[in-house]
Amino acid sequence: MGCAVNGPGEAAGADLGVSLGRGRAHLFKRGKIVRTVPEDQIVEAVLEAIETWEEEEPAPETPA
């Protein structure tokens, strides 16, 4: 989704987000960091997050 500086803000509104920097990636779920992985494991980590996705609660609705 973004770099380590802007990524957390950009990921705040996403169900799943990724920010990259300094050889690692942060994975976000609904704006919260759920995992940090080395850059060579980013693709696998994102695919795993998608495959094991569980809906805990409905995403907040945005006003129209």
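## An exposed valine and its patch

Valine 43 counts as exposed, at 57% relative accessibility. Here exposed means over 50% relative accessible area, buried under 20%, and partly exposed in between (1.4 Å probe, protein chains only). Valine 43 sits in helix 2. Helices (H or I, at least four residues) and strands (E, at least two) are DSSP runs, numbered from the N terminus.

Val43, Leu47 and Ile50 make a nonpolar surface patch of about 290 Å². Patch members have over 30% relative accessible area and no salt bridge; like charges are joined within 9 Å, nonpolar side chains (Val, Leu, Ile, Met, Phe, Trp, Tyr) within 5 Å. Accessible areas come from the Shrake-Rupley method with a 1.4 Å probe, and for residues only the protein chains shown count as cover.

## Model and fold

This is a predicted model: local features need pLDDT of at least 70, side-chain atom pairs count only at pLDDT 80 or more, and totals for chains, interfaces and linings use all residues. Residues are numbered from 1 along each chain as its sequence is written, and side-chain values use heavy atoms, with hydrogens and water left out.

The protein chain has two helices and four strands. Along the sequence they follow the pattern β-α-β-β-β-α. The chain has 64 residues, and 25% of them count as buried. It exposes about 4700 Å², with carbon and sulfur atoms supplying 53% of that area. Among contacts in the protein chain with a separation of 6 or more, 19% join residues 24 or more positions apart. Contact means heavy atoms within 4.5 Å.

Strand 3 (residues 24-29) pairs with strand 4 (residues 32-38) in the antiparallel sense, over six bridges. Pairing requires that DSSP finds at least two bridges between the strands. Histidine 26 stands opposite threonine 36 of strand 4. Lysine 29 belongs to strand 3. Lysine 29 is buried, at a relative accessible area of 19%.

Arginine 30 is not a glycine. Another non-glycine with positive phi is arginine 22, at about 55 degrees. Arginine 22 is in the loop between strand 2 and strand 3. At a relative accessible area of 83%, arginine 22 is exposed.

## Salt bridges

The whole structure holds two salt bridges. The criterion is a side-chain nitrogen of Lys or Arg within 4 Å of a carboxyl oxygen of Asp or Glu. One joins arginine 30 to aspartate 15, with the closest N and O atoms 3.7 Å apart. Arginine 30 lies in the loop between strand 3 and strand 4, and aspartate 15 in the loop between helix 1 (7-11) and strand 2 (16-21), so the pair ties together parts that are 15 residues apart in sequence. Aspartate 15 is partly exposed, at 38% relative accessibility.

The other salt bridge joins glutamate 48 and arginine 35, at 3.5 Å from N to O. This pair links distant parts of the chain: glutamate 48 is in helix 2 (residues 42-51), arginine 35 is in strand 4, and they are 13 residues apart. Both count as partly exposed, glutamate 48 with a relative accessible area of 40% and arginine 35 at 32%.

In soluble globular proteins, nonpolar side chains tend to be buried together. In this model the largest nonpolar core has seven residues: Val18, Ala25, Leu27, Val37, Ile42, Ala45 and Ala49. Strand 3 and helix 2 are the elements that give two or more residues to this core. Helix 2 gives the most, with three residues. A nonpolar core is a set of buried Ala, Val, Leu, Ile, Met, Phe, Trp, Tyr and Cys residues joined through side-chain atoms within 4.5 Å.

Alanine 49 lies in helix 2. Its relative accessible area is 19%, so alanine 49 is buried. Leaving out residues up to four places away in sequence, alanine 49 touches Leu16 and Leu27. The C-alpha atoms of alanine 49 and arginine 35 are 9.7 Å apart, and these residues are 14 apart along the chain.
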